[in-house]
Each structure stands twice: as C-alpha cells, then as structure tokens.
Amino acid sequence: MQRSKQTAGQALTHDIVIVGGGLVGASLGCALAPLIKRYGWRVAVIESSPLASQTIKSAWQPSFDARASAIAEGSAQRFQQLGVWDAMRVEATPIKRIHISERGRLGATRLSADELGVAALGHVIPNAWMGRVLHHHLASLPLEWHCPAKVEQLTPIAGGHQLQLSDGSQLTAALTVLADGGRSGLKEQLGIGSRREPYEQTALIAHVGVSQPHHGIAYERFTSHGPMALLPLPGQAMELVWTHPSGSERARMALSDREFLLQLQRAFGDRVGRFTRVGSRHAYPLSLVTAEEPVRPGLAVLGNAAHALHPVAGQGFNLALRGVMDLVEALEQGELASRRLGDMTTLQAFEKQRSRDRANVIRFSDGLVRLFGLSFPLLPHARAAGLIGLNMIGPLRRGLARRAMGLER
C-alpha cells in the first residue's frame with residue numbers, strides 16, 4: 001500500500017479518490033484492483049482513523065464484545081471474487097438455519113441451508129477481522145493511502161472534485177466516492193440531502209452467552225415492542241440485536257447484568273437455553289435514511305452514506321457490498337465505451353441498477369418492521385397464519401431464503 005509523500009499545498013491528480021477506508025471503502029479498493037492494473041488508474045484512499053499496525057498473521061484475540069456483521073452467502077461469493085474470502089472465513093461462524101417467529105404466536109418460518117443445497121445461508125464475522133483481511137489485501141495493491149486524515153473541504157471543479165485534507169494534502173479526482181458512513185458532513189457540504197424516516201426505535205446491541213450449543217441457528221423474533229435477533233458466534237455465544245421504543249432502552253441499559261439477562265430470558269424464551277452472560281451494551285437510534293442524490297458528476301455515494309436500514313433483516317452491509325460491485329462494473333463499462341471517469345452516463349447507469357436493488361431491500365426489511373409493528377384486531381392471527389403457511393409452502397420459503405442470502409435482487 002503506497003503512502004503519499006507530497007508536501008503541503010502540492011496538488012496531485014487522481015482518477016479515483018475513496019473517502020473512507022472502513023469495510024465499504026476497503027472493499028471498493030480491493031474490487032478496483034483489476035481495473036487499476038488494466039488501465040493504470042491512480043487511486044487514493046482517505047481514512048480518518050489510524051489503522052491497526054498488526055498484520056493478518058499476528059495473533060488474533062477477538063474480544064467478547066467485538067461487533068460482528070451478518071454476511072449473506074451472496075456477499076461471501078463476492079468476497080471470493082475479491083480474493084479475500086479464504087482468509088475471512090477463518091473467523092466466520094456459518095448460519096445453518098434461520099428461525100423467524102412472533103412472540104405469543106404459534107406461527108414460525110424456518111429457512112435451512114440443507115434445503116437450499118448450500119453449505120450456509122450466511123456467516124457472522126467480527127467487523128475487526130473483516131477490516132484486517134481487507135486492509136492486508138489492500139497493502140499489496142498500488143494505492144495511495146492517507147491515514148489518519150480527514151477531508152476538510154470538498155469542492156466541485158471542472159472534470160471532478162478538489163479535496164483539501166487535514167494533513168495538508170490537496171488532491172483532485174475525476175471520481176470521488178463517499179464511503180465514510182455519512183458522518184463526515186461532506187454530503188451536507190455539497191448540499192446533498194437525505195430522506196429520513198425515524199422508526200422511533202432504538203437498537204440495543206450486545207453479545208450474550210448461552211447455555212447450550214446454538215447449532216448455527218439465527219433467530220428473528222417479533223415482539224409487541226419491536227423485533228429482536230440473535231446471531232450465532234463462535235462457541236456458545238450470540239450477538240443480540242434488541243429493538244425498543246425510543247427512550248425505553250435507557251432503563252435496560254442501566255440494569256445489572258443479572259437483571260438484564262432475566263428480562264431477556266422472559267422476552268425471548270428458552271430456545272437457546274439460558275442466557276449466561278452479557279457483554280458491553282450499546283444503543284443506536286434507528287431510521288430509514290436514503291441519500292437524495294447518490295450520484296452527481298464526478299461523485300458517487302456508497303454504504304451508510306447512501307442508505308441506512310433497520311437491522312432486523314441484516315441487509316445493510318450486504319446491500320452496500322452489492323453497490324461496490326455494481327459501481328466497479330459500471331466504471332469498467334464506461335471505460336470500454338471511452339467515457340471519462342465520473343461521467344454522468346456511467347454513474348446514472350450505476351444508480352439505475354442500485355435503485356432497483358435498494359427499493360427491493362427496503363420494501364423487504366421495512367415491510368417486515370411495519371407489518372409486525374401493527375396491532376389491528378385479527379392482524380396478529382393473520383401474521384401467525386402467514387408464518388405457518390410460508391413454512392409449509394416450499395417455493396415461497398425458498399424464495400425468501402434466496403432473498404436473505406443476497407442471491408436474488
């Protein structure tokens with residue numbers, strides 16, 4: 001991984017600048033590797049947080065509290081294309097089955113890897129391990145790396161954008177990709193608004209120990225207060241995502257570990273045995289957020305900067321990774337058509353593909369949240385009947401599984 005040695009005030013011209021070296025930005029850097037080699041593109045990555053100095057071969061000691069992500073089988077296949085899956089799967093916990101139910105109702109839907117003829121429906125991987133693998137792969141690529149550095153000013157210019165960095169560097173890029181999670185304020189600096197629909201819910205996230213093996217089963221459980229999910233982790237541990245009406249989570253955040261586990265047991269039941277341990281608890285307010293202009297001349301917005309979803313269906317990062325691959329494909333098609341990087345014809349073709357996929361995922365995940373959040377008379381009985389019926393009708397169940405696996409858009 002090349003590190004720029006430019007002096008303050010010296011302007012460099014780049015083909016592509018990726019703002020954000022997290023999971024989405026790093027995945028994009030890896031996906032661009034064949035095009036960098038083929039077309040000689042000059043690409044830079046800007047990341048505000050210092051990177052860990054450890055190599056991928058150094059001792060890996062994951063914390064019990066380390067955040068993890070659910071990676072759909074389709075995303076695993078995409079990581080295989082990038083040449084990083086063999087390393088990434090070392091710390092992956094396969095999801096063999098998904099169990100979807102509603103508290104207090106008999107109905108349930110079960111999705112099985114065996115039924116689909118695949119080894120796993122998805123995988124749960126510590127975010128830190130994914131980052132380590134991606135950054136290790138990036139180190140072998142001819143990329144410039146500005147880290148730690150922030151973009152202090154992003155200015156449209158003829159043919160692209162100019163970026164003024166906190167380390168004194170000044171870059172110009174034909175295409176700038178915002179993959180910074182939307183926290184930098186760069187979208188707002190450019191006047192790009194976002195549509196925000198608050199769910200009036202807050203997700204409480206923690207790792208919990210369980211008294212019996214989870215057998216690779218992921219659980220989605222809908223309650224009157226909001227959905228909850230349990231994802232399998234190595235050993236007898238699971239990642240908990242427990243949504244609450246906003247404000248009500250504060251009381252649970254303040255509980256002792258013992259009382260928290262007792263309340264969790266009452267809410268979830270005994271499908272995983274007893275809850276034996278809870279790690280650090282974190283709370284995140286939930287909203288459906290979409291950028292109003294995901295593309296502009298010389299600009300593309302990816303990942304959480306482009307969309308933030310409810311975590312109930314675990315689709316956020318998987319949607320973002322498909323965006324990464326679609327952007328790279330669009331850029332290659334633009335190059336073959338002799339269009340310059342950042343050309344709107346290329347970017348509009350990319351956004352057309354993304355808008356369809358994004359709308360389908362939002363309809364799927366947002367629809368689940370809103371359907372199970374309604375409490376009209378007889379509707380709970382209809383939902384229960386629907387879950388039972390879905391479990392009995394093979395083609396519908398398999399279609400839902402393929403959607404959850406990221407194999408259909």
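Counting ring pairs among Phe, Tyr and Trp (its six-membered ring) with centres within 6.5 Å, you get 5 aromatic pairs here. Keep in mind that this is a predicted model, where local features need pLDDT of at least 70, side-chain atom pairs count only at pLDDT 80 or more, and totals for chains, interfaces and linings use all residues. Residues are numbered from 1 along each chain as its sequence is written, and side-chain values use heavy atoms, with hydrogens and water left out.

**Aromatic pairs**
- Phe79 and Phe317 are stacked, at 6.2 Å centre to centre with 25° between the planes (stacked is under 30 degrees, edge-to-face over 60, and the rest are tilted).
- Phe79 sits in helix α3 and Phe317 in helix α10, so this pair ties together parts that are 238 residues apart in sequence. Helices here are DSSP runs of H or I with at least four residues, strands are E runs of at least two, and both are numbered from the N terminus.
- Both Phe79 and Phe317 are buried, meaning under 20% relative accessible area with a 1.4 Å probe and protein chains only.
- With Trp242 in strand β16 (residues 237-245) and Phe260 in helix α9 (residues 257-268), the pair ties together parts 18 residues apart in sequence.
- Trp242 and Phe260 are buried too.
- Tyr219, Phe268 and Phe275 make up one aromatic cluster.

**Charges over rings**
- Arg281 has its charged end over the ring of Phe260, 4.6 Å from the centre (the rule wants NZ of Lys or CZ of Arg within 6 Å of the ring centre and within 35 degrees of the ring normal).

**Second largest pocket**
- This pocket holds about 290 Å³ of space. On a 1 Å grid over the protein atoms alone, a pocket is an open set of points with protein on both sides within 12 Å along at least five of seven lines, while a cavity is a set where a 1.4 Å probe fits but cannot get out; lining residues have an atom within 4 Å of a point.
- Of its 15 lining residues, Ala31, Gln81, Leu82, Met325 and Val328 are the closest to the centre.
- Two or more lining residues come from each of α1 (23-31), α2 (33-39), α3 (73-82) and α10 (316-336).

**Cavities**
- The whole structure has 4 cavities of 30 Å³ or more.
- About 80 Å³ lies in the largest cavity, whose 13 lining residues include Val301, Leu302, Ala306, His307 and Arg354 as the closest to its centre.
- α11 gives the most to that lining, with 4 residues.

Note on methods. Points joined across faces, edges and corners; volume = space filled by probe spheres on them. Buried < 20%, exposed > 50% of the residue type's maximum accessible area, 1.4 Å probe, protein only.
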